[in-house]
Amino acid sequence: MRPAMAGDQPAIRRMIRRAGINPLGLAWRRFVVVEASEGIIACGQVKDHADGSRELASLAVAEGWRGRGLARVIIEHLQRQSGPPLWLTCREGLVPLYTRFGFREVTDTRDLSPYFRRLMRLARVILRIVRPEEGLAVMLWPESCTNREDWPVSG
Ligand SMILES: CC(C)(COP(=O)(O)OP(=O)(O)OC[C@H]1O[C@@H](n2cnc3c(N)ncnc32)[C@H](O)[C@@H]1OP(=O)(O)O)[C@@H](O)C(=O)NCCC(=O)NCCS
């Protein structure tokens, strides 16, 4: 695993497109990648948001490389590098994965940072139309960082 370089940008975009996850905000400077002889086989990043929250995002492992602990290597590295608190959004089905790393689902929207509150409002409307069968979860590491007094009420 290594920090991404400018030349990795197309491979990161390809990887995210193939994984079918959010294709926005893929600036290579924030990424770490795992490289094998065939090229980049896994990636992930931490995004900074205007409200001060930071998000573990764009976690993807190439299909043939899944189930070998690569996501674990990336998640644990980004947790170590960024420190708490870290937010993330994921499909409901992936909540058990992130629970292994100390993330907990934030179910009360009043506990969300302004950025995630706005995102969830929008995402719930869009997902109801596009993918009604699948819920979206917001998770926070560690759980004890949930403190709604920390976030402005508006936003
Ligand atoms: C989700 C994804 C990143 C997992 O990558 P991976 O390299 O196969 O995961 P790992 O092998 O490192 O697994 C790490 C741990 O999570 C568990 N895990 C992996 N996939 C899981 C899943 N879908 N649900 C629940 N737990 C899961 C593993 O059992 C392992 O736990 P253990 O170490 O205690 O045994 C990969 O399947 C992927 O790229 N999917 C498509 C993109 C995607 O959905 N990204 C997440 C966006 S939020």
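**Figure 1. The whole chain and its elements.** Welcome to this chain, whose secondary structure comes to 4 helices and 7 strands. Please keep in mind that the model shown here is predicted. Along the principal axes, the C-alpha atoms fill a box of roughly 50 × 35 × 30 Å. How does the radius of gyration of the chain agree with that of a compact globule? A compact globule of 155 residues would have a radius of gyration near 15 Å, and the 16 Å of the chain agrees with this.

**Figure 2. Two domains in one chain.** The chain is divided into domain 1, residues 1-83, and domain 2, residues 85-155. A distance of 20 Å lies between the C-alpha centres of domain 1 and domain 2. Where the domains meet, 17 residues of domain 1 are in contact with 17 residues of domain 2.

**Figure 3. The area buried between the domains.** The size of an interface is often given as the accessible area lost when the parts come together. Here, domain 1 and domain 2 bury about 1,400 Å² between them, and 62% of that area is on carbon and sulfur atoms. Which residues of domain 1 lose the most area to domain 2? They are Asp51, Leu56 and Gln79, which together make up 34% of what the domain 1 side buries.

**Figure 4. Contacts across the interface, and the domain 1 side.** How many salt bridges does the rule find across the interface of domain 1 and domain 2? The count is 0. Polar contacts, on the other hand, are found there: 6 residue pairs, with both residues at pLDDT 80 or more, across the interface of domain 1 and domain 2. On the side of domain 1 that touches domain 2, the elements giving two or more residues are strand 4 (54-61) and helix 2 (70-82). Helix 2 gives the most to this side, with 6 residues. Sorted by class, the side of domain 1 that touches domain 2 has 6 nonpolar, 6 polar and 5 charged residues.

Figure 5. Arg2 and Glu35 form a salt bridge, with their closest N and O atoms 3.0 Å apart. Arg2 lies in strand 1 (residues 2-3) and Glu35 in strand 2 (residues 31-36), so the pair ties together parts that are 33 residues apart in sequence.

Technical notes: Residues numbered from 1 in each chain as written. Predicted model: local features only at pLDDT ≥ 70, side-chain atom pairs only at ≥ 80, totals over all residues. Heavy atoms only, no water. Domains from an automatic or database assignment. Contact = heavy atoms within 4.5 Å. Buried area = accessible area lost by both parts, 1.4 Å probe. Salt bridge = Lys/Arg side-chain N within 4 Å of Asp/Glu carboxyl O. Polar contact = N/O pair within 3.5 Å; in protein donor to acceptor, adjacent residues only side chain to side chain. Nonpolar A, V, L, I, M, F, W, Y, C, P; charged D, E, K, R; others polar. Rg over C-alpha atoms; globule rule 2.2 N^0.38 Å.
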